[in-house]
Amino acid sequence: MPNPEFRRMLRALPDFPATLPDFDPDTAPDDPAELFRLWLDEALAAGIPQPHAFSLATADAAGSPSARMLILKDLDDDGWQFATARTSRKGRELAANPRAAMNFFWQPLGRQVRVAGSVVPLSADASAADWDDRPGADGTPNPAWQLYALQPLETEFWQARADRNHIRYRLPRTAAH
């Protein structure tokens with residue numbers, strides 16, 4: 001049943017601030033990791049809380065999608081790193097279908113970054129080190145903990161503009177450093 005009041009309320013909500021940063025893809029680095037680090041630095045400078053948080057979308061073997069929020073652990077030659085228990089829903093989905101998409105969103109800057117590609121499990125040593133680096137770690141091992149790296153096939157940087165002519169800057173797979 002349609003709800004016109006709810007629709008009007010949603011339509012009346014503001015999208016982005018009136019003043020947004022400029023972005024010129026012609027002067028942007030060709031390396032998506034380098035551009036991401038620049039944008040993350042700007043998000044930090046703008047005081048955006050948890051700018052390293054992202055939505056991770058996965059799908060099970062049948063293609064049923066699910067998404068949740070995670071924290072980026074690192075970004076290096078292995079890829080864009082995150083961790084979870086192999087026994088969790090996302091861990092089971094990645095075992096059955098090792099592809100995923102990340103989406104970072106910094107609303108006050110009108111920016112988002114989408115990274116899509118294959119996901120690989122990293123070594124047991126790297127996973128154990130990540131578990132030990134968690135806040136409040138007590139030295140107890142967690143053999144189910146897995147550090148993963150998303151290896152991008154595509155990275156898209158999106159900059160909102162007040163005139164609604166938003167900028168999309170897509171980069172194919174390149175070095176993660």
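Please keep in mind that the model is predicted. Let's begin with the overall layout. The protein chain has 177 residues, and 40% of them count as buried. There are 4 helices and 8 strands. Starting at the N terminus, the order is α-α-β-β-β-β-α-β-β-α-β-β. Along the principal axes, the C-alpha atoms fill a box of roughly 50 × 50 × 35 Å.

How do the contacts span the sequence? Take contacts between residues at least 6 apart; 63% of these join residues at least 24 apart.

The accessible surface is about 10,300 Å², and carbon and sulfur atoms account for 54% of that. On charge, we have 19 positive and 24 negative side chains. The centres of those two sets are 11 Å apart.

Next, the inside. In soluble globular proteins, nonpolar side chains tend to be buried together. Here, the largest nonpolar core has 31 residues. Phe36, Trp80, Phe82, Met102, Phe104 and Trp106 have the most contacts inside it. Which elements supply at least two residues each? They are α2, β1, β4, β5, β6, β7 and β8. The largest share comes from α2, with 6 residues. There is also a second, separate core of 5 residues, including Ala83 and Trp145.

Look at Phe36 for a moment. Leaving aside neighbours within four places in sequence, Phe36 is in contact with Leu72, Leu75, Trp80, Phe104, Trp106, Val113 and Phe157.

Now move to Thr155, in strand β7. Is Thr155 buried or exposed? Thr155 counts as buried, because its relative accessibility is 1%, and the cut-off for buried is under 20%. Beyond its neighbours within four places in sequence, its contacts include Pro32, Trp80, Val113 and Tyr169.

What does β5 pair with? It runs antiparallel to β1, with 3 bridges between them. There, Ser55 stands opposite Asn103. β5 also runs antiparallel to β6, and 8 bridges join that pair. In β6, Arg111 is the bridge partner of Trp106. The hairpin of β5 and β6 has 4 residues between the strands. In that hairpin, Gly110 takes a positive phi near 65 degrees.

That's the tour. Thank you.

Notes. Residues are numbered from 1 along each chain as its sequence is written. This is a predicted model: local features need pLDDT of at least 70, side-chain atom pairs count only at pLDDT 80 or more; totals for chains, interfaces and linings use all residues. Side-chain values use heavy atoms; hydrogens and water are left out. A nonpolar core is a set of buried Ala, Val, Leu, Ile, Met, Phe, Trp, Tyr and Cys residues joined through side-chain atoms within 4.5 Å. Buried means under 20% relative accessible area, exposed over 50%, partly exposed in between (1.4 Å probe, protein chains only). Contact means heavy atoms within 4.5 Å. Accessible areas come from the Shrake-Rupley method with a 1.4 Å probe; for residues, only the protein chains shown count as cover. Lys and Arg count as positive and Asp and Glu as negative; His and the chain ends are not counted. The place of a charge is taken as NZ of Lys, CZ of Arg, CG of Asp or CD of Glu. Two strands pair if DSSP finds at least two bridges between them.
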